[in-house]
Each structure stands twice: as structure tokens, then as C-alpha cells.
Amino acid sequence: MKRRDFLKTAAGTGLIILPSGVLSGANAPSNKLNIALIGTWGRGSAHFNAISSENVVALCDVNEQHLERPAKRWPNAKTYVDWRKCLDQKGIDAVVCATTDFTHAFVANWALNRDMHVYCEKPLGNTVEEARTVRANWLKRKSRLATQLGTQRHANPNFNRVQELIRDGAIGKVTDTYAWGNRQIRRPGYLPAQGEPPAYLHYDLWLGPVPFHPYNPGYFTGGEGANCLQWNMYWDFGSGQIGDMGSHTMDLIWDAMGGGLPTTIEAKGDPFNPEVTPVEFESHFTMPGNDWRGPITVAWYEGGAMPRSPRNWVDLNKIDHGAMFKGTKGYLITGFDSRLIIPFGDDADMSYYNRRERMLPPVGSFQKEWINACKGDLKTSVDFDYGGTMTETMLLGLVAYRAGKKLEYDGATGKVTNDEAANAFLSKKYREGWTLNG
Ligand SMILES: NC(=O)c1ccc[n+]([C@@H]2O[C@H](COP(=O)([O-])OP(=O)(O)OC[C@H]3O[C@@H](n4cnc5c(N)ncnc54)[C@H](O)[C@@H]3O)[C@@H](O)[C@H]2O)c1
């Protein structure tokens, strides 16, 4: 039996393993995952506590200074600056990836192709092709690998409460959904060349697959966990706020309505800048019905664009990152932590609403959910199917923005069907030596 299968069986059956002849339980050394952490500072450090119950066997960061703190905590872990070499290490069961957006799909694909479980920070990719390859690679292996996209707000109890209200009919049948974020970071273009990268920073590896851009320290001056705001608005490095906070906020809609891919996409925003993604931007998607609901619309607004409030005494702008559902019997408006229902009609008594007996169980720790899934039933809240269709949809908004027209999309083939030229925006060319699906 392979070590991986043994871990699963052990967790699933409560089997007690005897490492070196010593009686032990669920966290016996042989019942722990061998984990590689790729991207070990910033968002990466938010995973230290969750993975500390496991064997952290490999640490990788393009910035050697960022390897120092975790190397002290896990002195037996091997250290790397190139994630491709890290993934060659024998015996890795699972990978946590907290690198730049433009390397997520690379790391995730390479890890899945080597039969490793993956937790990947959001968004799942920087192009439609990237999100689709990761999703496809996981779907092929879902009977043996657990995946989780890093939208940890999903574990907030409010997500469950919103899903219950929607699915139990608190606002009737949902027809339209809206999500928004108000963050505005304006940049004129890529930063100009300035100085030389310090010796501890492997800048060429940081750029990795994207076209060359000269070094500027400005890409690295953000605080820990917020440095992504120094680079994620540039087309080659990120997808702006739709991929950033949009991943968390659209998750409210995906969770309540069930995932899927759009059939039409329309978008508009700031005038096109070939270097920087738009700040003010909105995209509108038509989503087909699924096994429990009819078709709906999904809309995303950012950087000042906002949906209209259903009541003038509700100021949606007071919710920095929020979502709204319109149903046949009312509205549900929500942030990450609390919600508001506005039934239609001044005397609406909500007698139509059939509240369930048993509420959804809490998710608990979002990272632990993935660790337990790797050792157990492989089920997570935001696996790469759910997270893949969500990322693909969000990125299609930017494709429609660049195409400048309403697009029709075939989710089965991943092709725009009414504008051949728009298909060019679904993927990117990479620098020589970098393979997306290696
Ligand atoms: N889930 C959340 O709430 C949340 C919050 C913040 C950031 N994030 C996501 O986490 C990711 C990292 O964001 P950040 O603000 O920590 O960015 P960051 O620029 O600080 O990068 C994080 C770490 O990864 C390292 N790194 C960069 N490229 C690498 C590579 N190719 N190989 C190995 N290491 C590499 C950096 O040196 C740094 O130590 C982003 O994708 C961002 O969207 C998620």
C-alpha cells in the first residue's frame, strides 16, 4: 500500500499506527502529511499554524530572507528558491502555495501532476486557460487528491447562513445576484527600472513565466500579507480586484447558488490601459440553471461601480465588499459576516419561508478542513472545481472588457463562440523555459 493510501485508510478508520514500535494516535509521525510550503512570507505565514501539526519537509521562496523565519521553525525542512526543484523532492504529500497570482496555476498543475494534494491561495490562475488546466488536472485525480482554494472567509458562519436562507426560499426564487468591492489602487503603468535586485532576491525566478519587466523595489515594499497590492493590478502579474477581493466576495454567490460557467459575458470600465487592469469596472454574466435552480445573472462591480440599492435607506457603499441576491419575494444583502433580508411588500410576513430543521455544520478551520480531507474523505468546501469555475468566470469578465463586446461562451470547450479574436485573451505566452502544465 502506498504511504498516501495508508494515511487515508488510517484517518478514515481511526487505525492506530505504530511508528518505531511506539503506540500513538491521529498525529503520530507516520500519520502526518509531508508538506511543502511555497511562498513562505506574507500570506504564506498565515498557514504556519495550520501546517505545524504536520511534517513540514520543504520550504521554498524566491527571497532567501523570507526563508529564515520558517527555517528556524522547521529546521529539518529542505529550503529552495525554485519551486520546480522543490517539487522534485521525494516524499512530498501535499503543497501549500502562497506565491504570486501569476505562478499559482503553474505550481498547482505541477503539484497535481506529481500526485500531491494542493492548497492554493486565490485566485487559481491569471488566465482562463490557467484556471481550466488546474481544474481539469484535479478533476482527473479527485478520487485521490484534496484541493482547496484559499478563500478562507468561506468558513465564516455567515456563508452557511446565507446559503440556508437562499436555498430554503427566504427571498423566493433567486433571479439576479451582485457582488462588489470598493478598493481603488491607481497605477499609471509598470514601474520603471530602478537599481539592482538585492543578492537575497532571485528576481528572475520571481518573474518566472511572465515577460521580462525591469526590477523596481516598489514591487516589494508592501507590508506582510499585503504585498500583493504592489503587483496584482498589472496585467502580467494579476487580475486587479476581481481576482483579489473578488475571489472572496464572489464566493458568497458561488456558495449560495452553486458554481458553473457563464454562457454570456459583458463588461465595461475605465479606458483600456495595456499595462494596468481597470480600477472602476463591472462585468455581467448569464449563468445557466443547475440541478436545483433556474438560470440567474451574476454581476461584479469594483472600484466605484456599484449595483443600485433596492431601498434608499440602505447604503450599499457602507459595505466595502458585499453581495446582494434578488429573488421573487425579496432581497438578501450580505457582507462577509452579517446579512439583511428585505422582503417585498410592506406587510410581507415571510410565511412562504420554510426554514430547515438542522442548520449546516460549521466549517471550522478552513486550512484544517483541507488537511483533514487529505487524510480522509478528500472533501473540502472550495475545491478546484468550485474554485476553478469561479476564477474562470471572474477572468472572463476581463476578457469581455478587452474584447469590448458582449461575448457568448461555451464552458464545455472553453471557447468564445461569437468573436474569434476574443479567444486570444483567454491565455498568455510565457517566457521560454516555463511550462504551465509540466
Ligand atoms: N486569502 C487571503 O485572504 C489572502 C490575503 C493576502 C494575499 N493572498 C494571496 O496570497 C498570495 C501572496 O500574496 P502576498 O501579499 O503574500 O504576496 P508577496 O508578494 O508578499 O508574496 C508572498 C511570498 O511569496 C514569495 N514568492 C513570490 N514569488 C514566488 C515564487 N515564484 N516562488 C516562491 N516564492 C515566491 C515572496 O517572496 C513572498 O515571500 C497572492 O496570490 C494573494 O492573492 C490571499
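How many nonpolar, polar and charged residues does the shell around the ligand have? By class, this shell has 10 nonpolar, 14 polar and 6 charged residues. Here Ala, Val, Leu, Ile, Met, Phe, Trp, Tyr, Cys and Pro count as nonpolar, Asp, Glu, Lys and Arg as charged, and the others, Gly among them, as polar.

The model is predicted: local features need pLDDT of at least 70, side-chain atom pairs count only at pLDDT 80 or more, and totals for chains, interfaces and linings use all residues. Numbering starts from 1 along each chain as its sequence is written.

Stay at the ligand and select Gly39, Trp41, Gly42, Arg43 and Asn227, which come nearest of the 30 residues around it (near: C-beta atom, placed from the backbone, within 6 Å). Helices are DSSP runs of H or I with at least four residues, numbered from the N terminus.

Next, colour domain 1 (3–153) and domain 2 (156–185 + 240–361 + 386–426); the bounds come from an automatic or database domain assignment. Their C-alpha centres lie 30 Å apart. The contact takes 15 residues from domain 1 and 16 residues from domain 2, with contact meaning C-beta atoms, placed from the backbone, within 7 Å. On the domain 1 side, select helix H6 (residues 128–141), which gives the most, with 6 residues.

Finally, go to Ser247 in helix H10 (residues 245–257). Ser247 counts as buried because it has 26 C-beta neighbours inside 10 Å; the cut-off for buried is 20 or more. Leaving out residues up to four places away in sequence, Ser247 touches Lys122, Pro123 and Thr151.

Key. Contact = placed C-beta atoms within 7 Å. Helix = DSSP H or I, 4+ residues; strand = E, 2+ residues; numbered from the N terminus. Buried ≥ 20, exposed ≤ 12 C-beta atoms within 10 Å, placed from the backbone.
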